[in-house]
Amino acid sequence: MNTHRVEPGQLLAPYFPESSWRLLDMRGSGVNNTTSFIETREGRFVLRVYETHRDEEKVRFEHDVLLRLAELELPIRMPAPVRTSDGNTYVRTPDGKLAALFRYIDGKPPDLGDLGQLRQFGEATAHLSRALASIRTERQAAYPPYYEIEHAHPRCSLSQLLELCAHPPAPFDDAGLARMLAELVPSITGLKRELPRLGNLPHQLIHGDLNASNALADEAGRICAILDFEFVTYDLRVMEAAVFLSDMVRSGEAAGSTLSRAEAFLTGYCSLLELTGEEIEALPSLMLLRRLDVLIHFLGRYWDGIDGPEQTMRQIASMHAMSRWLERNEAALREVLERGTIR
């Protein structure tokens with residue numbers, strides 16, 4: 001939980017040793033960082049404090065990828081790390097956290113109920129995927145691929161999650177949650193059996209966390225930027241689309257609406273990037289894998305004392321909803337995949 005805020009002035013001197021600045025806004029951004037918006041004579045910037053780790057190698061890898069992306073001519077913008085006066089791209093807060101400064105990108109969250117914006121998001125995703133495929137870095141990726149789910153969080157293994165599903169402790173022993181956890185066991189064990197096959201699909205660098213909160217649209221409604229590369233890593237190429245499609249399944253939304261939005265995204269995505277038949281076949285399983293990874297992530301955060309149990313409870317319900325949705329709609333989804341991925 002982001003309870004301690006660092007004053008931006010403590011961190012800006014290495015970037016602007018002779019410049020005045022003004023704090024425009026300060027907010028918690030998601031659950032993994034705290035964000036401040038800064039105005040200086042040099043323009044607007046975003047100051048980001050990493051809240052869930054203090055690993056310099058993770059930040060170095062992320063920034064190395066972003067600096068290489070900045071060298072490419074792309075139709076969408078990405079965050080550009082700013083170097084300090086001594087050439088670094090991050091600083092330490094007084095209490096040891098990592099922080100970085102990025103150029104501000106103007107825009108607003110896209111409306112992913114709009115089929116036109118969804119097609120554009122698909123195109124933007126494909127542009128990014130093609131760019132990331134061209135990047136080579138000697139640094140080691142900090143995060144494992146999604147299919148190495150046993151390494152998703154150091155405090156939470158798959159066997160520990162299955163034990164929790166079978167014997168939920170307080171506060172997860174509520175009757176409704178306990179039922180959901182018990183019903184997740186076949187989905188988790190079935191997915192586990194598929195992991196060796198999934199690991200043979202094409203690999204490259206991926207953003208790994210594409211959703212509406214990590215993108216911006218301009219005043220005309222065009223997708224203009226993709227943000228938050230904290231989890232960039234080497235993984236399955238198709239996992240980029242699977243992450244987005246997984247987050248598109250909303251509790252209570254009619255299946256037809258979800259499928260229409262999925263088709264719009266895939267139409268844009270596959271207009272610029274051709275998936276293999278094996279990648280298309282794997283998408284439903286990878287959508288479920290995304291939800292499993294998020295559940296493990298938040299359970300680990302709970303066990304680390306970073307979050308209360310509410311986030312984990314929401315992710316249990318979310319994965320349960322995804323599992324049930326796929327049981328009811330996988331055949332219809334595969335028809336959409338076939339239509340949306342034909343170039």
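What we are looking at is a predicted model, in which local features need pLDDT of at least 70 and side-chain atom pairs count only at pLDDT 80 or more, while totals for chains, interfaces and linings use all residues. Residues are numbered from 1 along each chain as its sequence is written, and side-chain values use heavy atoms, with hydrogens and water left out.

Helix 6, residues 239–248, is itself mostly covered, with nine of its ten residues buried. Those buried residues of helix 6 pack against helix 3, strand 6, strand 9, helix 7, helix 8 and helix 9, where contact means heavy atoms within 4.5 Å.

That brings me to the cores, a nonpolar core being a set of buried Ala, Val, Leu, Ile, Met, Phe, Trp, Tyr and Cys residues joined through side-chain atoms within 4.5 Å. The largest has 87 residues, and Leu69, Ile188, Phe265, Leu286, Leu289 and Leu292 touch the most other members. Helix 8, residues 277–303, gives the most to this core, with eleven residues. If we leave aside neighbours within four places in sequence, leucine 292 is in contact with Ile149, Leu158, Leu161, Ile188, Leu191 and Met319. A second, separate core has twelve residues, including Leu12, Phe45, Leu47 and Val49.

Now to the aromatic rings, where rings of Phe, Tyr and Trp (its six-membered ring) pair if their centres lie within 6.5 Å, and planes under 30 degrees apart count as stacked, over 60 as edge-to-face and the rest as tilted. The structure holds nine such pairs. In one of them, phenylalanine 172 and tyrosine 302 have ring centres 5.4 Å apart and planes at 80°, so the pair is edge-to-face. Because phenylalanine 172 lies in the loop between helix 4 and helix 5 and tyrosine 302 in helix 8, the pair ties together parts that are 130 residues apart in sequence. Phenylalanine 172 counts as buried at 1% relative accessibility, whereas tyrosine 302, at 24%, counts as partly exposed. The loop between helix 4 and helix 5 also holds proline 171, and the peptide bond from alanine 170 to proline 171 is cis, with omega near 5°. Elsewhere, ring pairs link Phe121, Phe244, Phe265 and Tyr269 into a cluster.

In the loop between strand 8 and strand 9 we find aspartate 228, which has a positive phi of about 55° although it is not a glycine. Aspartate 228 is buried, with a relative accessible area of 18%.

Conventions: Buried < 20%, exposed > 50% of the residue type's maximum accessible area, 1.4 Å probe, protein only. Helix = DSSP H or I, 4+ residues; strand = E, 2+ residues; numbered from the N terminus.
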